[in-house]
Amino acid sequence: ASKSEIFFKLRMPNALPYLFSALKIAASTAVIGAIVGEWIGSTTGIGALIIQSTYNFDSAMLYATVIVGSAFSVAFFLVITLAERLVVRWQPPATA
């Protein structure tokens with residue numbers, strides 16, 4: 001077999017479960033990174049709302065922004081999980 005056949009028929013399918021595991025972790029931490037970036041240098045966004053609600057002692061807004069940030073993380077995680085189920089069909093779904 002040629003090098004490209006070995007890569008596309010053997011190595012890439014074997015690496016896909018690991019790739020999707022890394023994408024799940026990255027999707028969740030990307031939301032955290034964006035919020036921290038908004039803390040540092042933005043006047044709009046979820047991170048800026050967290051800082052503003054902390055300074056104004058607005059605990060309802062603080063909890064709402066944390067819940068929205070968590071919902072974004074969960075939504076991105078579920079999108080990656082759905083893509084994994086569509087692409088990696090030969091592996092049974094993971095049970096927790």
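## The end of helix α2

Helix α2 is followed by F57, a residue whose phi is positive, near 55°. This value, like every other in this report, comes from a predicted model.

Helix α2 covers residues 46–55. Its buried residues are I46, G47, A48, I50 and S53. These buried residues pack against two other helices, α1 and α3, the latter spanning 59–87.

## Overall architecture

The protein chain contains 3 helices and 0 strands. Along the sequence, the elements follow the pattern α-α-α.

How does the radius of gyration of the protein chain stand against that of a compact globule of 96 residues? The protein chain has 19 Å, whereas such a globule would have a value near 12 Å. Along the principal axes, the C-alpha atoms fill a box of roughly 65 × 30 × 15 Å.

Among contacts in the protein chain with a separation of 6 or more, 53% are between residues 24 or more positions apart.

## Burial and surface

Of the 96 residues in the protein chain, 20% count as buried. The chain exposes about 7,300 Å², and carbon and sulfur atoms supply 71% of that area.

## A lysine in helix α1

K24 lies in helix α1. Is this lysine, K24, buried or exposed? K24 counts as buried because its relative accessibility is 18%, and the cut-off for burial is under 20%.

Which residues does K24 touch, leaving aside its neighbours within four places in sequence? The contacts of K24 are F77, I80, T81 and E84.

A nonpolar surface patch of about 650 Å² is formed by I32, V36, W39, I40, I51 and Y55. Both α1, which spans 3–41, and α2 supply at least two residues each to this patch. The helix that gives the most is α1, with 4 residues.

An α-helix has 3.6 residues a turn, so residues three or four places apart point the same way.

W39, one of the patch residues, lies in helix α1. W39 counts as partly exposed because its relative accessibility is 41%, and this class lies between the limits of 20% and 50%.

Notes: Residues are numbered from 1 along each chain as its sequence is written. This is a predicted model: local features need pLDDT of at least 70, side-chain atom pairs count only at pLDDT 80 or more; totals for chains, interfaces and linings use all residues. Side-chain values use heavy atoms; hydrogens and water are left out. Patches are made of residues with over 30% relative accessible area and no salt bridge: like charges are joined within 9 Å, nonpolar side chains (Val, Leu, Ile, Met, Phe, Trp, Tyr) within 5 Å. Accessible areas come from the Shrake-Rupley method with a 1.4 Å probe; for residues, only the protein chains shown count as cover. A salt bridge is a side-chain nitrogen of Lys or Arg within 4 Å of a carboxyl oxygen of Asp or Glu. Buried means under 20% relative accessible area, exposed over 50%, partly exposed in between (1.4 Å probe, protein chains only). Contact means heavy atoms within 4.5 Å. The radius of gyration is taken over C-alpha atoms; the globule rule is 2.2 Å times the number of residues to the power 0.38.
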